[in-house]
Amino acid sequence: MKYAVLGAGAMGLRYGLLLQDAGFPVDFVEIWDKSVETIKEQGGVYQSRDRQNKHLVPVNIFSPEDYQGDPDVWIVFVKQMQLADALKRCKHLFNDKQYVIAPMNGIGHVEKLNQYFDSDKVLSGTAMIATVLNGPGDVDFMGPAGAGSMKVVNQNETPDEMTHKIVEEFTKANLNPQLTTNFMGTLMSKVILNSVLNTLCTMFEIRMGEFIQAPTAEKLGRQLINEAFDVCERANIQLLNTREEEWQAIKMASTTNMPLHYPSMYQDLHKNRPTEVDYINGYIYDLGLKYHYEASTHDYLRNLVHLAEFTKNFDEEKFVESIK
């Protein structure tokens, strides 16, 4: 099948390059002009693995306005807060035959995708694949070939022939997909993991492996897990893991799978970009409120991350001048 990747950031590039390397035709559609210009100027994307073997891989990249392709499947990796604008710019490219899969962080994207795609053709999922974007058109795959895994789930929870074909081709591309039939349970499992690792590692600017070594890591992690599970129980969301299994998944990610990884939220904060905390910890808190439950620790961390965003962009000279 032919794929179009919407978003040439870290994860979009990794998925697209792996599929391309497996022999499938791939186009990249990017909303960031600097990224499009850089990739065209250098003749492709610089790809490395664990900071080694950096090499140039030719790719096809377009802005939404310049793209004229008709892919079978869209793969969407755009930040949650940019997605509505990205989809609007691409709406002339969508048709009722196409499928879309968006294994993005956080929750909030499916409702936006449903405005442009038949819900029976909308897939989401989770991606446990550590990747770093060094800059426009420069991506670093973390871990050995075949590292990482993902879950794929249909919005209608009924896999069809096309879904199985996507899973088959993702398998050939070493993305290690696992098909599930529990939509919200699958998405929330990653949201809960991210609500612990992404947020706490971002706040203290540490790698996942550093976090898990802290004497307070388990107490902090279980507190956040318990609040999130309390919310999901009230919302009648059947999670894939138990509370204990969720903590063990966090330990495994931090000690074995991605100990050297700075989460994407940290990467956004470090580069003075808005984070997706409102779609992770904020989503858990807001969902709880609907069922008269306050996940107060998640709300507290959300506000701390926003404070960190504010201080990263704080203009000290302007502040001093304003109080003279």
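**Reading burial and contact in a predicted model**

Visitor: Why is Val 57 called buried?

Guide: Val 57 has a relative accessible area of 15%. Buried means under 20%, so Val 57 counts as buried. Do keep in mind that this is a predicted model.

Visitor: Where does Val 57 lie, and what is it in contact with, leaving aside its neighbours within four places in sequence?

Guide: Val 57 lies in strand β4, residues 52–57. With those neighbours set aside, Val 57 is in contact with Leu 17, Gln 20, Gly 43, Gly 44, Val 45 and Gln 47.

Visitor: How far apart are Val 57 and Gly 282?

Guide: They are 225 residues apart in sequence, and C-alpha to C-alpha they are 38 Å apart in space.

Visitor: What makes Cys 90 buried?

Guide: The relative accessible area of Cys 90 is 0%, and the cut-off for buried is under 20%, so the label applies to Cys 90. Cys 232 is buried too, with 0% relative accessibility.

Visitor: How many disulfides does the structure hold?

Guide: The structure holds 0 disulfides.

Visitor: Which residues have the most contacts inside the largest nonpolar core?

Guide: Those are Leu 6, Tyr 15, Trp 74 and Phe 170, in a core of 103 residues. Helix α6, residues 183–204, gives the most to this core, with 10 residues.

Visitor: What does Leu 6 touch, not counting residues up to four places away in sequence?

Guide: Leu 6 touches Val 29, Ile 31, Trp 74, Ile 75, Val 76, Phe 77, Val 78, Ala 86, Leu 87 and Cys 90. In soluble globular proteins, nonpolar side chains tend to be buried together.

Definitions and conventions: Residues are numbered from 1 along each chain as its sequence is written. This is a predicted model: local features need pLDDT of at least 70, side-chain atom pairs count only at pLDDT 80 or more; totals for chains, interfaces and linings use all residues. Side-chain values use heavy atoms; hydrogens and water are left out. A nonpolar core is a set of buried Ala, Val, Leu, Ile, Met, Phe, Trp, Tyr and Cys residues joined through side-chain atoms within 4.5 Å. Buried means under 20% relative accessible area, exposed over 50%, partly exposed in between (1.4 Å probe, protein chains only). Helices (H or I, at least four residues) and strands (E, at least two) are DSSP runs, numbered from the N terminus. Contact means heavy atoms within 4.5 Å. A disulfide is a pair of cysteine sulfur atoms within 2.5 Å.
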